[in-house]
Amino acid sequence: MKKTLLILGAILMAIAVQAKNYSISTPNTTLIVTATEGEPLLFRYYGARAEMSDIFAAGRTVKQEAYPAYGTYCEKPFASLVKQHDGDNAVNFVVEKVEQGTVDGLSKLTISLRDTAHPTLLVKVNYSAYSDCDIVKMNTEYINEGKRPVVLQKYMSAVLPIQSDNCVLLHLDGSSKNECNEHIEPLTNGVRVISTQSLSQMAKYNNASFMLGLDGRLEETNCPVIAGSLIWMGNFHFEFHNTLQTTSPTLFMGGINPAASDYTLMGKRSLATPEMVFTYTNNGKGEATRTFHRWARHHQLLDGTKEREVLLNSWEGVHFDTTPESLQGMVTDFAKLGGEMFVVDDGWFGPKYPRNNDKTSLGDWGIAKSKLPNGIRPLIDLTHKNGMKFGIWIEPEMVNVKSELYEKHPDWVLRHPDFEPNYGRGGGQMLLDLTNPQVQDFVFKVVDDILTENPDVYYIKWDNNMGMRNASSQYLPKALQSNLQVDFTLALEKILKRIRAKYPKVVIQLCASGGTRLNYGFMPYFQEMWTSDQTDAFHRIQIQWGALNFYPSNMLAAHVGSAYSKYTQRLIPIKFRFDVASMCRLGMEMVPAKLNPAEREYAQRAIAEYKKIRPVVQQGDLYRLISPYEGDKNLTSLMYVSENKEKAVLFAYRHLIRENLSQPIIRLQGLNPNAKYSIREVAPEFVNKPVKISGKTISSKMLMEEGIVMPELTNRYKSNVPLSEVRATNDWRSVVLELTEVK
Ligand code: DGJ
């Protein structure tokens with residue numbers, strides 16, 4: 001048998017299947033499976049790139065079912081469970097065909113598995129590899145060739161056996177205002193599950209990304225690491241098996257969460273499961289992070305290599321008090337600080353029920369004339385007159401019960417018809433039922449109307465402030481209710497594709513009560529994610545650090561709030577707040593008029609300086625130096641290095657001041673090893689008073705091997721020196737250094 005198949009404009013060769021090892025490779029990694037016609041597919045290896053003969057000779061292979069199913073692997077972890085129309089739920093997948101070739105620039109290996117018990121059921125297991133970065137992708141595709149429906153009860157995307165019985169797991173959990181808490185823990189014996197079960201705010205509580213240190217440790221450098229992330233806008237489920245049940249000591253599987261998600265696949269239909277991306281490196285988790293970031297900027301994040309603007313968002317400044325005066329003042333004041341964009345957040349809409357609080361108006365996307373009598377046009381014009389771009393907030397997947405939309409279409413929400421729903425934010429918010437094509441048109445129209453009426457709107461903030469509380473689509477038939485999780489997510493994707501087909505350029509920020517939708521599945525449609533509503537800069541360090549494990553700095557929006565955080569009641573000086581926000585995409589979220597003159601002067605300088613370091617911060621390689629999660633260090637430090645290593649930016653943050661603090665040594669990473677770098681402090685606290693190291697030229701050998709000490713991070717103001725207007729406390733000291741290679 002030798003047949004050529006055309007798939008997506010690419011050529012895949014169907015290959016005769018005798019027992020054979022098949023591999024795909026990235027520049028530094030290799031993945032191997034063994035396929036024998038009529039037998040189960042076996043997973044053999046994922047690790048450093050090497051000759052196949054060496055990998056086998058060294059014994060670095062596993063022999064594990066590559067896509068185990070309930071039927072012949074019932075006592076072991078199974079990735080697939082399928083119920084036939086007659087109730088039979090056992091399958092026996094065996095290899096039918098292997099295809100290998102290049103698809104969309106990726107080298108791809110597809111193995112078709114046929115169920116011998118129900119030959120109309122086919123599963124394609126897909127592996128693909130990038131040639132410009134060490135990322136492989138995996139997913140599966142279920143094809144029901146029969147006439148009758150089958151029910152997919154577990155349909156994982158990826159199965160990855162790992163030859164290590166001593167793994168250390170890094171994962172993120174948290175919730176609104178406390179996203180992305182980093183946890184590092186040994187993968188003890190048993191089964192570890194990480195999952196979320198909501199089609200909305202699917203990254204609330206847990207994030208669909210992980211890292212595994214394979215050698216009993218998970219370090220920044222010199223350590224074997226596998227990292228993975230599921231690309232999906234809906235619920236997810238990861239299983240880490242560390243048991244003697246499997247022939248490989250550790251087994252990972254991930255995909256859509258099967259909980260309450262039985263998927264009825266009609267006859268002659270197929271379902272492609274979401275892709276998972278993985279990277280392997282023996283250079284530690286630092287390298288795993290950098291690989292994810294580079295891949296994201298070049299392959300996954302919309303406009304991933306384009307510079308992001310410094311913006312002011314109105315939310316923390318005025319909340320729902322969106323009057324012409326309050327907004328105009330923000331525009332003109334921010335322009336004076338050097339701002340590049342103004343974004344009007346929540347509170348501008350609701351013709352019948354003006355949006356004065358979170359209890360009304362979602363769904364009614366006309367102007368609240370009682371608040372903005374002349375609409376938003378004068379504000380857009382003023383923003384442009386001040387040399388800035390304009391952006392606007394919407395939450396198009398939601399409705400308030402008190403709205404004209406709900407009055408007209410009470411059947412457009414997710415709820416069970418027979419009992420009172422559980423309302424969301426404000427006591428009256430509900431999720432629109434995106435499976436309904438009329439609702440899909442409506443959501444598209446929300447964006448379309450705004451951009452048709454105001455083609456000069458440059459940026460949209462797309463918010464989502466409610467997780468999935470209520471089961472039941474009022475659109476799907478009863479028998480298909482458990483398709484909701486998947487069909488809702490696919491419908492959202494369809495809407496986003498439609499929006500992007502018409503509006504490819506508009507910048508859209510994804511927000512979900514902060515960062516509760518942080519997932520790569522969204523990022524072909526959004527340029528950035530609002531990382532968190534947390535306004536306390538110290539708290540934000542941990543959140544941003546956690547998120548940066550997997551997601552690049554230019555995808556993560558970070559804003560400077562006012563000195564006093566209402567959430568933690570901490571008072572943090574303006575420099576520290578700017579320095580924390582400047583590690584990602586910088587913005588502000590306050591009323592600039594409330595800054596005192598010294599703070600205003602500082603803000604102006606800090607924005608101007610950010611613009612200078614922006615190319616390195618937004619596009620550079622991240623090196624983590626000292627973690628905020630190492631509490632006893634009381635210090636955080638990280639740096640970005642440009643691709644050509646000519647420029648670097650170092651951030652160092654001292655948290656609390658104490659008497660007799662030891663001077664921390666910060667060892668830099670990632671620089672050109674045989675060079676010298678001149679050092680300049682970025683936005684010192686006081687003009688012309690940079691830290692001592694500023695102005696020095698130091699060899700990279702010294703910087704990386706011996707490190708630097710900055711006493712300014714530790715010294716407190718002498719008691720006879722009054723604290724300034726910009727600094728009300730001795731805590732929260734920070735230094736940002738720009739390093740330039742001396743030629
Ligand atoms: C939640 C978001 O995270 C905030 O930034 C803000 O946009 C509010 N919603 C507005 O209601």
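**Figure 1. Charged side chains of the predicted chain.** The chain carries 83 positive and 80 negative side chains, and the centres of the two sets lie 2 Å apart. Lys and Arg count as positive, Asp and Glu as negative; His and the chain ends are not counted. Each charge is placed at NZ of Lys, CZ of Arg, CG of Asp or CD of Glu. This is a predicted model: local features need pLDDT of at least 70, side-chain atom pairs count only at pLDDT 80 or more, and totals for chains, interfaces and linings use all residues. Residues are numbered from 1 along each chain as its sequence is written, and side-chain values use heavy atoms, without hydrogens or water.

**Figure 2. The largest nonpolar core.** This core holds 198 residues. Tyr-127, Phe-278, Trp-348, Trp-462 and Met-588 touch the most other members. A nonpolar core is a set of buried Ala, Val, Leu, Ile, Met, Phe, Trp, Tyr and Cys residues joined through side-chain atoms within 4.5 Å. Buried means under 20% relative accessible area, with a 1.4 Å probe and protein chains only. Of the 743 residues of the chain, 63% count as buried.

**Figure 3. A second, separate core**. It has 25 residues, including Leu-625, Ala-652, Tyr-677 and Ile-698.

Figure 4. Ser-637 sits in strand β35, residues 635–641. Strands are DSSP runs (E, at least two residues), numbered from the N terminus. Ser-637 has 0% relative accessibility, so it counts as buried. Leaving aside neighbours within four places in sequence, its contacts (heavy atoms within 4.5 Å) include Trp-545, Arg-624, Leu-625, Phe-651 and Ala-652.

Technical notes
Buried < 20%, exposed > 50% of the residue type's maximum accessible area, 1.4 Å probe, protein only. Helix = DSSP H or I, 4+ residues; strand = E, 2+ residues; numbered from the N terminus.
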